[in-house]
Amino acid sequence: MMAQAVSRMPGFLSLCEHADPSGSRISTRGSFPLGSGDGRWSIPSQRLCIRPGGRGFAAICASVKNSRRKKDSSASDDTQKLKVMADYREGNDATAGVLEVPEAEKDADLRSNGAVGFSSNGSSHLSEMAVERIAQGSEKGSAASPGIEVDSVTEAELKENGFRSTRRTKLVCTIGPATCSFEQLEALAIGGMNVARINMCHGTQAWHRDVIRKVRQLNEEKGYSVALMMDTQGSEIHMGDLGGASSVKAEDGEDWVFTVRKFDEELPSHTIQVNYEGFSEDIKIGDELVVDGGMVRFEVIDKIGPDVKCHCIDSGLLLPRANLTFWRDGQVVREKNAMLPTISSKDWIDIDFGISEGVDFIAISFVKSPDVIKHLKSYISSRLSTGTIGVFAKIESCDSLKNLEEIITVSDGAMVARGDLGAQIPLEQVPSVQQEIVHLCRQLNKPVIVASQLLESMIEYPTPTRAEVADVSEAIRQRADALMLSGESAMGQYPEKALSVLRTVSLRIERLCREEKQHESMQLAELSTSLPDRISEQLCNSAAQMANKLGVDAIFIYTRDGHLASLLSRCRPDCPIFAFTDSKGLRQRLNLLWGLIPFRLDFSDDMECNILRTFALLKARGMMKSGDLVVAVSDMLQSIQIRKIP
């Protein structure tokens, strides 16, 4: 009977194959029976949970009387079925069992603490006294009932506009001279910045260390959860630092000299240093030199020793350490680029710096093969005693596209660096390649950032072009996890306005996608092959489908490793996803994933206690109200529940 009851529960694996032929006993290796034909186990405590571990059923973490009660047909009306999450898998897969507990014993043992009660239909609820006690204890910050940590901007938005108003697309801001003060960083955080990016192409380690510490101070003192991403320079051919100037304008018709020579004194006028020693030998007269993905173009007109004389044919702004590519007969010349290492000696020094500073993500430039990512992840693991750092592959070269799926599979995420990518493939191919990368990342459950020239005109002007807004809208429609500002926030004159444009456009297009039911338009392929991973995946798919069909207000995910949270984000449900974790570092990393609102909460071993305490804390802070409907998912018990806030 018990096995049949379990098999009928939606979303869980059937236990029928583990039942005795009589159907009265569940049999597993090294386990005890949950029920038998002549009696029942009695559960005198409210805390009843099955912890993962071992093979078959794990031990029940509850006070269980080791006694059998005689079967009494007259007692059948006094029993009630309680759901017990059982560790069924050979890993972390869970199913649900059902225990029958006498109503009188439940009244005596479960209601006695005044915290959890049962309604007439058997569903658990918080008493008003419990809500008040938990909320008061949390607000005081007591050790017994600690509070909940959430981004202060998100909290204000939830209070003012409700669940559905929250922005799902995350925003990354590159920090530079225009945004490096504490006040400027706080303004970006208030404006919606989820991730602060530091670009190791510019500035010194001391400068970047100062930015990192200001972001950390902002998180600790102001209640934000801004993550930190470090972007390596890479070893492609690029310009020098322009003699300390922040930018230089190249006009049509001007002649410039590109050289590999070193200068002890100030750079001569209209002279640019190049980092690649073989530059003058490899380039030919008549070649086209493209700066920063096409922002400025030159034609090579002469070569004199180490100097290459060029004529400006497309004017624009030259930035320090901008990437250089050269074209010949309509094709990009990249043979020498392919010979350069993906991670340069400078990059390794910067990577050590990022590890020591505890950044959340490291983005690697010009990734050519998956082996580079594997090697770096292995190196990071050997250097870290605790925690983890996500490794993102920047897709910005033809070599990256050749090995795209293999690179993304081994990475923790990807960045579509459209500026450099557009310098190596025909411009008309950039939109389709972007869409391919975004969709592939979602299929493989990897977060993806769309970057480069989103609002390029806002470096100088307070409003974007309509074409730029349309470009941003398309990236949001493709359901990219994040959008990134580069020069707009690093050195632009209007960084806060540029961020505001991304935020408002995201909110509008996301609402339009929900109205169009866009969640139904993309079929997700099955990711996993092992049974534990397949159960996790199906659990999240089912939770997202239930949330969409029932129109719930939010999905709650309780996670210690973030895996189920990422699977839920992959589904792109209509409602926001509240991700609760007990790890500060994981909370910040989850802030990059589409639709996730990360909270930090100290977990109890009792999952029901975690859920009830969450309801009380969110209600006490005005982020939820009675009657709100949520889907609750846990990677600790691998369960789905539909709960109404009491």
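Predicted model: local features only at pLDDT ≥ 70, side-chain atom pairs only at ≥ 80, totals over all residues.
Reader: Through which helix does the chain cross from β8 to β9?

Author: Strand β8, residues 170-174, also pairs with β9 in the parallel sense, over 3 bridges. In this pairing C173 stands opposite A196 in β9. The β-α-β crossover from β8 to β9 is right-handed, and its helix, residues 182-191, is α5.

Reader: Are the faces of β9 buried or exposed?

Author: In a regular strand, side chains alternate between the two faces of the sheet. On one side of β9 lie V195, R197 and N199, and on the other lie A196 and I198. With 5 of its 5 residues counted, the strand is mostly covered. Both faces are therefore covered, and the residues on each are buried.

Reader: Why does L593 count as buried?

Author: L593 is found in the loop between α20 and β27. The cut-off for a buried residue is under 20% relative accessible area. L593 counts as buried because its relative accessibility is 9%.

Reader: Which residues is L593 in contact with, leaving aside its neighbours within four places in sequence?

Author: The C-alpha atom of L593 is separated by 8.7 Å from that of A565, 28 residues apart along the chain. Leaving aside those sequence neighbours, the contacts of L593 are K170, P447, D481, S566 and S569.

Definitions and conventions
Residues numbered from 1 in each chain as written. Heavy atoms only, no water. Buried < 20%, exposed > 50% of the residue type's maximum accessible area, 1.4 Å probe, protein only. Helix = DSSP H or I, 4+ residues; strand = E, 2+ residues; numbered from the N terminus. Pairing = 2+ DSSP bridges. Right-handed = clockwise from strand over helix to strand, strands pointing away. Contact = heavy atoms within 4.5 Å.
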